[in-house]
Structure formats: C-alpha cells, structure tokens
Amino acid sequence: MQLSIKFIFKLMVISLLTACGNQETNTAEQSQLLTEVQSVVAPAPLSTPTAIPFAIFPSQTRELASAEVIDRGETVYESLCRACHGGDLRGGDQGGPNLLRSQIVLGDDHGELIGEVIQNGLSNPGMPEMPPLQVSADDRVAVAEYIHSVWANQSGQGGPPSGEEIELDIVVGDASAGEAYFNQQCTGCHSLTGDLQSIASKIPSAENLQNSWVAGRRWGAPNPDADPARRQIRVIVTLSTGEIVNGELGRRDDFLVSLSTDSGQYRSFSLQENAKPQVVDIEINNPMQRHIELLSEINDDIMHNVTAYLVTLK
Ligand code: HEC
Ligand code: HEC
C-alpha cells in the first residue's frame, strides 16, 4: 500500500500525541485521526514512528499560505500574541509557552486547533491561563499560518528560526502620519489631555505600547485609572410583554441571553421559539468593538506610524 505524505504526517502526530499524553486538549482530534488511520491500515500497530524518516516532518510537507496571509497573520501575532508568546514564539514575559514546541501547533493543519485555542482560551492545570481572545475567523487562520511559516523556517524543533531575526526595534514609523491617523481615528474616544495623557511614560516599552493600542487593552498591568465601566459590554433586551431590561451582558448564544442589571439582579431569557415571554429585540453595545474592527483594518504602516507617534507622548 502506498502511504501518502499526509497520512504519514498524521501517523506521527498520533504517536506524538499519544507519547506526550496530552489527552485533555487533544482527545477529539486524536480519536478522529485514529479513526482515519485505522480505516487505512487496520489492524497494523500505530507505534512505528522511528520507521519514518524525520525529514518529512510537517515543516517540510505542509503547504504554506500565501505571503499576504502570512503577513496578515504576523500583524495579528505582533499585536495580540507576542506579549505572551514572545517575539520569536518561544515564550514571553507574560507566561505564554513556547509555540515552537507545542503539540497543538504541530497537530494543527490550517488553524482549526490554534483557532480554537484563540477563541476559547486554554486553562490546563498548573499553567497560567490563556484568556479567550476576540479575533475574527480569518485572522485566526492567518495567525495560525504565520506560526506555521515560522515553524517551517526554524532549524530544529524548538530551536531558533534560521531565517531573518524578527524585528525588535518597532519604532520605525512616521510619527506625523501617525498623528494624523490618530486625530482622525482615535480622538472620538480618547484624549491626549485625558486618558491617554503621557501614555508613553505610563507604558514605557514601545512594544507594550503597540500591543496596548492595537488591542485596546494594557497587557499585564490593567490601566489603574480606567473606569472598568468603560469596558463593560452592555445589552438591552426587549420582551414581547413590552418590558425592556438592560445591564451588563453575561452570555449570548443561540439559546439564551443573560445579563446582570445595575441593581445586581441576574436575568436570563430563553431564545427558543415558544419561550414566554418572547425576546423581540437584543441590542449589544461593546465599547471595545472599534478596537476589534481596527485589528482587521490596520496594516503594518499604520501600526508603525501610530506607535511612532504615541511613543512621543511622554
Ligand atoms: C495573556 C497572555 C496570552 C496571550 C495574549 C496569548 N496567549 Fe496563547 N497561551 C497563553 C498561555 C498562558 C497558554 C498556556 C495555557 C494552558 O496550557 O493552560 C497559551 C497557550 C497557547 C497555545 C497552546 C500551546 C500548547 O501546545 O499548549 C496556543 C496554540 C496559543 N496559546 C496561541 C496563541 C495565539 C495565536 C495568540 C494570539 C492570537 C495567543 N496565544 C495569545 C497565554 C497567552
Ligand atoms: C469607539 C471608541 C474607541 C476608539 C475609536 C478607539 N478606542 Fe482605544 N479604547 C477604547 C476603550 C473603550 C478602551 C478600554 C478602556 C480603557 O482602557 O480606557 C480603549 C483602550 C485603549 C488603550 C489602552 C489604554 C490604557 O491606558 O491602557 C489604548 C492605548 C488605546 N485604546 C488607543 C487607541 C488608539 C491609538 C485608537 C485609534 C487608532 C483608539 N484607541 C481608538 C475605545 C476606543
């Protein structure tokens, strides 16, 4: 029987997953792969990874995404992941593990596993927690493709990337272009004499400053002066009885919407067709919405220009 490269790759993934015993996060993927593999080779044993030459490992066989997608992914990585996973993906200040030794990254094809971690977060016992991040589906795939591209360029598993060093000096933009962009796009919600006064002194590292403005959130040390109410996601629910209930959004899915009212009462409403009372309208207001949109609007130039401007605000 002719073994396809992809199949051999999957076989190796299984051996690794099994060997490393990370069942919690990988059982579904693992059993799906097992089923696929068994349907091809059953009843042959699965434990023969040494028979397969190491040279065909995924970094050599995985088809890389287009340069455009990888660039997009790098932008997302730099702004949202770097603070925790490091500029070279090998772990960062804020507790993220080495992504170049990650079984999840190894087992990921084109973002389906990495995307799930981004969307749902991850909390393995004994590890700091990775919070769920608001990243669009396209950007989740792009950042996964970027991670695979770095992996493909590295010289050995967990070793340094053999390609060019990742740019560490990030203050490379044009500050006056950044100022113009800031005046157009940011002053509706921020002010240089108010919340962003001396922002560069409050966030002295240019890298953290960039992460903070792109994500709309200071990683590590939350802004001690910001009113938490400013970040609150609010919801207004209108019922068929005419009652209007509003408060801080708890949860919204296909089945229900829940909230806490300002007097601290928890309310939840079924969205089933026959629910009584019927929910006739839901209005959600996320103050961070603009920052979520920015993530898919800004390109490298804008990012560098705005950062170059913000670092002048000592
Ligand atoms: C606030 C810090 C933080 C940020 C931001 C963050 N991560 Fe994580 N990440 C973590 C931590 C901590 C873990 C380990 C969680 C665990 O195992 O319980 C983790 C785990 C992961 C894993 C699984 C690694 C493994 O094999 O166990 C992947 C993949 C990952 N992160 C990708 C990303 C990507 C992509 C981004 C950006 C879109 C990102 N992370 C942003 C902290 C972060
Ligand atoms: C529609 C409103 C809105 C717009 C427009 C907006 N932001 Fe924000 N931004 C927020 C909110 C809300 C927060 C979170 C609350 C806070 O930390 O002040 C935030 C947080 C931030 C933070 C973190 C502040 C800190 O002290 O930790 C920075 C920096 C920032 N935004 C920069 C920008 C820049 C630069 C732009 C323009 C490119 C921009 N924002 C556009 C609403 C907005």
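The model is predicted. Around ligand 1 there are 29 residues, and helix 4 gives the largest share of them, six residues. Elsewhere, helix 10 is mostly covered and meets helix 12.

**Around ligand 1**

- Cys81, Cys84, Ser102, Asn124 and Met130 come nearest among the 29 residues around ligand 1.
- Two or more residues of this shell come from each of helix 4 (67-85), helix 5 (103-107) and helix 6 (112-120).
- By class, the shell around ligand 1 holds 20 nonpolar residues, eight polar ones and one charged residue.

**Helix 6, a shell element with a buried face**

- Leu113, Ile114 and Ile118 are the buried residues to look at in helix 6.
- Viewed down the axis of helix 6, the buried residues fall within an arc of 140°, so they line one face of the helix.
- As background, an α-helix has 3.6 residues a turn, so residues three or four places apart point the same way.

**Helix 10 and its cover**

- Of the ten residues in helix 10 (residues 206-215), seven are buried.
- The buried residues of helix 10 are Glu207, Leu209, Gln210, Asn211, Ser212, Trp213 and Val214.
- Just after helix 10 comes Gly216, with a positive phi of about 70°.

**Where helix 10 meets helix 12**

- The axes of helix 10 and helix 12 (residues 300-310) come within 10 Å of each other, and they cross at roughly 115°.
- This crossing of helix 10 past helix 12 is right-handed.
- Helix 10 brings Ala206, Leu209, Gln210, Trp213 and Val214 to the contact, while helix 12 brings Met303, Val306, Thr307 and Leu310.
- Seven residues in the contact of helix 10 with helix 12 are nonpolar and two are polar, with no charged residues.

**Ala67, an exposed residue in helix 4**

- Ala67 belongs to helix 4, the element that gives the largest share of the ligand 1 shell.
- Is Ala67 buried or exposed? Ala67 is exposed, because 9 other C-beta atoms lie within 10 Å and a residue counts as exposed at 12 or fewer.
- Glu145 is 78 residues from Ala67 in sequence, and the two are 9.8 Å apart in space, C-alpha to C-alpha.

Technical notes: Residues numbered from 1 in each chain as written. Chains lettered and ligands numbered in written order. Predicted model: local features only at pLDDT ≥ 70, side-chain atom pairs only at ≥ 80, totals over all residues. Near = placed C-beta within 6 Å. Helix = DSSP H or I, 4+ residues; strand = E, 2+ residues; numbered from the N terminus. Nonpolar A, V, L, I, M, F, W, Y, C, P; charged D, E, K, R; others polar. Buried ≥ 20, exposed ≤ 12 C-beta atoms within 10 Å, placed from the backbone. Arc of directions from axis to C-beta. Axes fitted to C-alpha atoms, helices over the stretch in contact; angles between N-to-C directions. Left-handed = near helix turned anticlockwise from the far one by under 90°. Contact = placed C-beta atoms within 7 Å.
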